[in-house]
Amino acid sequence: MKQEKIITFGEIMLRLSTPDYSTIDQTHSFMVNYGGGEANVAVALSHMGHKTYFMSKLPPNQLGDGAITHLHSNNVDTRYVVRGSTTIGIYFLESGFGGRPSKVIYNRKHSAITRITEAEFDWEEIFKDATWLHISGITLALGEKVRKVALRAVKEANKHNVKVSFDFNYRATLWTVEEARPVYKDFMKYVDIVFASFYDANTILEIPLDSGFEDKTLSEKRRNVFPKMIKKYNLNYIFGTDRIVYTATDNSLAGYYFKLINDELSWELTEPIRFNIFDRIGGGDAFASGVIHGLLKDYNNPAYAVRYGLSTSVLKHTIYGDASTFSCEEIESFMKANGNAEVRR
């Protein structure tokens with residue numbers, strides 16, 4: 001398959017996680033790693049054979065250098081990472097166990113990316129020969145300067161006929177729905193593929209349910225709201241996952257896609273895969289990366305893309321760190337071992 005030039009824009013952070021499932025207040029040491037939504041997607045797609053580029057801003061110190069080294073070790077091109085300011089974003093992870101869920105504490109309010117500006121980038125160079133741009137809602141939550149750069153990026157992508165994927169990734173710990181709503185609504189004008197839930201469509205974008213659907217199942221609510229979302233924003237696809245949490249280390253995932261063909265809704269929900277969890281962080285980013293890879297392989301085959309994304313996500317849960325590092329061969333072997341699950345509606 002042809003190597004695609006894929007751009008991702010966002011923040012990469014220093015991750016400090018507790019060892020041996022200890023709580024943050026118990027621990028006397030932390031394990032160090034780097035990660036962040038869009039960086040994780042770049043890493044995963046690089047391991048699938050794509051040429052990935054990460055856009056961001058990092059401090060010109062050893063912590064910034066560490067993030068760059070992490071990206072380089074996963075074959076992610078960092079020529080579009082600018083250096084400046086003094087602080088890297090940090091998050092603390094307390095991994096859940098049994099009935100105790102995981103916990104994340106952010107320390108990123110004044111990180112380098114919050115000082116980013118449009119003038120620091122050569123936009124023509126970035127999008128020359130590019131195929132894809134991926135951004136998430138977490139990035140939009142990081143402040144007005146970051147939002148301006150993100151908006152410029154999607155506009156440049158549109159100008160250069162580059163596909164844009166957007167993962168809603170709403171985080172209540174970073175901003176309120178009221179703060180996020182106008183930003184998401186404006187951003188949606190420029191995207192082609194979204195990773196979203198019913199909550200994202202109905203609550204954040206305020207796409208209403210028809211009368212009588214209030215007590216319907218989640219699947220029925222999605223089928224009522226998603227077609228309106230697709231029409232309103234002229235989307236190609238909506239993708240997402242359904243997760244069932246049995247314990248913090250025992251979950252199941254199913255994947256879905258929605259699209260409109262001549263005003264007729266086409267959608268699928270896969271059978272769930274149940275699995276044990278070693279590290280849950282980055283599961284959604286792995287799903288997004290697998291879907292993107294599937295669409296790049298065959299843009300008109302969302303059923304394949306959603307299964308590829310689901311398999312990538314399940315595998316990611318089995319390894320330490322934020323990002324999937326599985327090759328196409330490993331993912332495809334997992335897909336074959338689990339069979340092409342029947343689609344259920």
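How much accessible surface does the protein have, and what share of it belongs to carbon and sulfur atoms? I looked this up and found about 14800 Å², of which 49% belongs to carbon and sulfur atoms, with areas from the Shrake-Rupley method and a 1.4 Å probe, where for residues only the protein chains shown count as cover.

I note that this is a predicted model, in which local features need pLDDT of at least 70 and side-chain atom pairs count only at pLDDT 80 or more, while totals for chains, interfaces and linings use all residues. Residues are numbered from 1 along each chain as its sequence is written, and side-chain values use heavy atoms, without hydrogens and water.

Next I looked up burial: of the 345 residues, 58% count as buried (under 20% relative accessible area, with exposed over 50% and partly exposed in between, for a 1.4 Å probe and protein chains only).

I then turned to helix α11, residues 328–338 (helices are DSSP runs of H or I with at least four residues, strands runs of E with at least two, both numbered from the N terminus). Its buried residues are Cys328, Ile331, Phe334 and Met335. They lie on the same side of α11 because they cover an arc of only 130° around the axis, taken from the directions from the helix axis to the C-beta atoms. An α-helix has 3.6 residues a turn, so residues three or four places apart point the same way.

On the face turned away from the buried side I found the exposed residues Glu329, Lys336 and Ala337. Just after α11, Gly339 takes a positive phi of about 75°.
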